Amino acid sequence: MLIFLRSAKLVLSNTMYFRALALTLLLVAPIAASGQLIDEVSVYVTGGKGITTWHGQADLHTLNLELGRAWSPRTDVAIVISPTNVWQPQSWFGYSQGHGNEAVRAISASVLVRRRFGSETGKVQWYADVATGPLVAEKRVPAATSRFNFITQGGFGTIIGPSRRFPLYLGYRFAHISNGGYSERNPGLNISSLIVGTRMRVGR
């Protein structure tokens with residue numbers, strides 16, 4: 001629970017990105033719903049830690065707005081906008097030269113595909129999803145690499161009360177952040193995160 005509270009606090013304290021996210025929700029969701037472009041809006045936070053290397057260890061905290069549509073009865077596709085805070089070593093050399101960590105603000109936009117398993121009339125429904133898209137940061141992520149990266153994610157979890165108006169999402173997600181060779185240095189970040197959030201159906 002502490003990791004979720006920290007994720008929400010770090011991202012919500014980023015006023016600029018939070019306002020942009022709220023504005024996107026207020027403007028895009030009603031328009032898209034009226035045109036039957038989306039039928040689900042999900043909001044969730046993630047918080048996780050990266051694998052420790054000689055560069056150090058990074059944490060990732062995100063607030064996610066997901067605008068989705070059913071592709072088939074059990075498969076959804078969505079666009080996900082994610083204000084992000086990366087807590088990473090300040091130096092390419094990690095902590096070997098006495099440098100500490102820094103907080104870096106970023107934002108990503110991803111395409112997500114989710115497959116649900118089990119009946120929506122049951123108490124619990126399982127899911128697996130994959131997502132990928134660009135991530136742009138105010139500083140280089142990791143340090144001394146590039147401000148522009150791609151974030152590719154895969155995860156699984158459970159939907160508690162899938163037939164309710166606001167079901168609860170709980171899950172795990174693995175994220176790989178890499179510039180894909182865009183920069184000369186490309187060590188990447190590999191981060192395991194936990195997810196908690198909810199979904200609201202619109203236009204149905």
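Ala-144 is partly exposed, with a relative accessible area of 29%, where buried means under 20% relative accessible area, exposed over 50%, and partly exposed in between, computed with a 1.4 Å probe on protein chains only. The residue belongs to the loop between S5 and S6, and although it is not a glycine, Ala-144 has a positive phi of about 65°. That loop between S5 and strand S6 (148-160) also holds Pro-142, and the peptide bond leading from Val-141 to Pro-142 is cis, with omega near -15°.

The model is predicted, so that local features need pLDDT of at least 70 and side-chain atom pairs count only at pLDDT 80 or more, while totals for chains, interfaces and linings use all residues. Residues are numbered from 1 along each chain as its sequence is written, and side-chain values use heavy atoms, with hydrogens and water left out.

**Overall fold**

The protein chain contains two helices and eight strands, arranged from the N terminus as α-α-β-β-β-β-β-β-β-β; helices (H or I, at least four residues) and strands (E, at least two) are DSSP runs, numbered from the N terminus. The eight strands form a closed barrel in the order S1-S2-S3-S4-S5-S6-S7-S8, with antiparallel pairing. Neighbouring strands of this sheet are turned against each other by 25° on average, direction ignored, the axes being lines fitted to C-alpha atoms, for helices over the stretch in contact, and angles running from 0 to 180 degrees between N-to-C directions. Of the 204 residues in the protein chain, 46% are buried. Among the contacts (heavy atoms within 4.5 Å) between residues at least 6 apart in sequence, 60% join residues at least 24 apart.

Two strands count as paired if DSSP finds at least two bridges between them. Strand S2 (residues 59-72) and strand S3 (residues 75-89) run antiparallel and are joined by eleven bridges, with Thr-62 having Thr-84 in S3 as its bridge partner. Strand S1 (residues 40-50) pairs with S8 in the antiparallel sense over eleven bridges, and here Gly-48 has Ser-193 in S8 as its bridge partner. On another pairing of S8, strand S7 (residues 168-178) runs antiparallel to it over ten bridges, with Ala-175 standing opposite Ile-191.

Asn-190 is found in strand S8 (residues 189-201) and counts as partly exposed at 28% relative accessibility. Leaving aside neighbours within four places in sequence, Asn-190 is in contact with Lys-49, Gly-50, Ile-51, Phe-174, Ala-175 and His-176. With His-176, the side chain of Asn-190 makes a polar contact of 2.7 Å, a term for a pair of N or O atoms within 3.5 Å in which, within protein, one must be able to donate a hydrogen and the other to accept it, residues adjacent in sequence counting only if both atoms are side-chain atoms. The C-alpha atoms of Asn-190 and Asp-59 are separated by 9.7 Å, although these residues are 131 residues apart along the chain.

Leu-135, in strand S5, is buried, with a relative accessible area of 0%. Not counting residues up to four places away in sequence, Leu-135 touches several residues, among them Ala-106, Ile-107, Phe-148 and Phe-150.

**Aromatic pairs**

The structure holds three aromatic pairs; rings of Phe, Tyr and Trp (its six-membered ring) pair if their centres lie within 6.5 Å, and planes under 30 degrees apart count as stacked, over 60 as edge-to-face and the rest as tilted. One of them is the tilted pair of Tyr-127 and Tyr-169, at 5.6 Å centre to centre and 50° between the planes. Tyr-127 lies in strand S5 (residues 124-137) and Tyr-169 in strand S7, so this pair ties together parts that are 42 residues apart in sequence. Another, between Phe-148 and Phe-150, is edge-to-face, at 5.1 Å centre to centre and 80° between the planes.

| Residue | Relative accessible area | Class |
|---|---|---|
| Tyr-127 | 3% | buried |
| Tyr-169 | 4% | buried |
| Phe-148 | 27% | partly exposed |
| Phe-150 | 37% | partly exposed |
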